[in-house]
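Biologist: I have a model open and want to learn how to read it. Can we go through it feature by feature?

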Amino acid sequence: MRRVWSRRNPFRRRTDVLEGWAAFGAVAVFALGGTAAAWAAGSAVHAELSSRSAERQRTTAVLLQDTPPLTVLRGDAWSGGEVLAEVRWRDADGLARTGRTRVSFGLHKGARTEIWTDAAGRHAVDPPPPPGDTGLQSAVAAGAAAGAVGCLAFGCRTVVRVRLDRRRAEEWGRDWARVEPRWREGSAGPSER
């Protein structure tokens with residue numbers, strides 16, 4: 001590497017120096033930009049999921065219909081043991097609300113069950129993700145952001161390298177066109193002279 005960058009190297013071309021700077025720039029952008037993008041994306045996803053969790057509350061509701069029993073043959077076990085059902089609950093103002101939400105299998109009409117609602121208690125919502133899922137989703141977002149920056153940086157470096165390779169091939173062709181007649185002349189054997 002030192003020999004390519006050295007000004008004393010007789011084989012050093014301007015395109016070699018440009019390619020070296022392109023590689024250095026790609027690594028720098030990936031190291032700094034990838035880190036910044038990963039931190040920003042991970043923080044944004046974590047903040048969003050945390051705020052969603054804070055906006056939800058557990059509420060006791062009453063079932064308005066029977067729920068079917070859990071049957072492995074139907075594949076209900078894959079649904080987490082829950083089914084959509086009509087329920088009634090009271091919001092923060094004491095008003096009765098009705099909606100559909102996920103409840104356990106095998107419950108009868110009139111049974112009490114815990115559901116999740118929005119902060120005001122007006123709408124039934126899905127439960128917040130577990131804390132482990134929040135961390136995992138934040139890490140995935142951070143990795144994806146860093147990967148996107150890396151793809152962009154090294155993709156740009158590849159474009160620069162392809163263009164420099166074309167330029168080197170053109171320079172080589174021009175130099176060969178200039179040298180080739182003299183080279184043939186000097187390499188001709190006694191029978192060709």
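Modeller: Start with Thr134. Leaving out residues up to four places away in sequence, Thr134 touches His46, Leu49, Ser50 and Pro129. Contact means heavy atoms within 4.5 Å. This is a predicted model: local features need pLDDT of at least 70, side-chain atom pairs count only at pLDDT 80 or more, and totals for chains, interfaces and linings use all residues. Residues are numbered from 1 along each chain as its sequence is written, and side-chain values use heavy atoms, without hydrogens or water.

Biologist: Is Thr134 buried or exposed?

Modeller: Buried means under 20% relative accessible area, exposed over 50%, partly exposed in between (1.4 Å probe, protein chains only). Thr134 counts as buried because its relative accessibility is 6%. Thr134 sits in helix 3, residues 131-187. Helices (H or I, at least four residues) and strands (E, at least two) are DSSP runs, numbered from the N terminus.

Biologist: What is the strand order in the open sheet?

Modeller: Strands of a sheet pair through backbone hydrogen bonds, either parallel or antiparallel. Two strands pair if DSSP finds at least two bridges between them. Here 5 strands run in the order 3-2-1-4-5, with antiparallel pairing. Strand 3 (96-104) and strand 5 (124-125) are the edges, each pairing on one side only. Strand 1 (residues 56-63) pairs with strand 2 (residues 82-90) over 2 bridges. Leu63 has Val87 in strand 2 as its bridge partner.

Biologist: Which residues form the largest nonpolar core?

Modeller: In soluble globular proteins, nonpolar side chains tend to be buried together. A nonpolar core is a set of buried Ala, Val, Leu, Ile, Met, Phe, Trp, Tyr and Cys residues joined through side-chain atoms within 4.5 Å. The largest has 9 residues: Ala61, Leu63, Val83, Ala85, Val87, Trp89, Val103, Phe105 and Ile115. Strand 2 gives the largest share, 4 residues.
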